[in-house]
Amino acid sequence: MDDSKVVGGKVKKPGKRGRKPAKIDLKAKLERSRQSARECRARKKLRYQYLEELVSSRERAICALREELEMYKQWCMAMDQGKIPSEIKALLTGEEQSKSQQNSSRHTKAGKTDANSNS
């Protein structure tokens, strides 16, 4: 028996299913391909620019951290020799001043709340 089927008066042969590709103009297809390649190159260029900016910002951050680490090393070496760097003294006095300011503001707030509760 023949494998072909009769549908709507037409004879269909067995084969690939689905939609057959339309006949596309070769020039239009080539132009679409070129446009797609241009867009791809543009995206690639933007991606590389983004990555280069990311790398440079990370390198700057690394340099800043290295400088900070070197400063701390120098402070430690100075303290090992029995010297207290002026920067540390300034930090300590600044902390003491801020603590005393916080304590004084707490006492004034506490005094105000005590005065309010007494009245």
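Visitor: What kind of model is it?
Guide: This is a predicted model: local features need pLDDT of at least 70, side-chain atom pairs count only at pLDDT 80 or more, and totals for chains, interfaces and linings use all residues. Side-chain values use heavy atoms, with hydrogens and water left out, and residues are numbered from 1 along each chain as its sequence is written.

Visitor: How many residues count as buried, in percent?
Guide: 3% of the 119 residues. Buried means under 20% relative accessible area, exposed over 50%, partly exposed in between (1.4 Å probe, protein chains only).

Visitor: Which pattern does the protein follow along the sequence?
Guide: β-β-α-α. That is 2 strands and 2 helices. Both are DSSP runs, numbered from the N terminus: helices are H or I, at least four residues, and strands are E, at least two.

Visitor: Where does Leucine 54 lie?
Guide: In helix α1, residues 26–80. Leucine 54 is partly exposed, at 31% relative accessible area.

Visitor: Switching to cysteines. How many disulfides?
Guide: The count is 0. A disulfide is a pair of cysteine sulfur atoms within 2.5 Å.

Visitor: Is Cysteine 40 buried or partly exposed?
Guide: Partly exposed, with a relative accessible area of 40%. Cysteine 63 is partly exposed too, with 43%.
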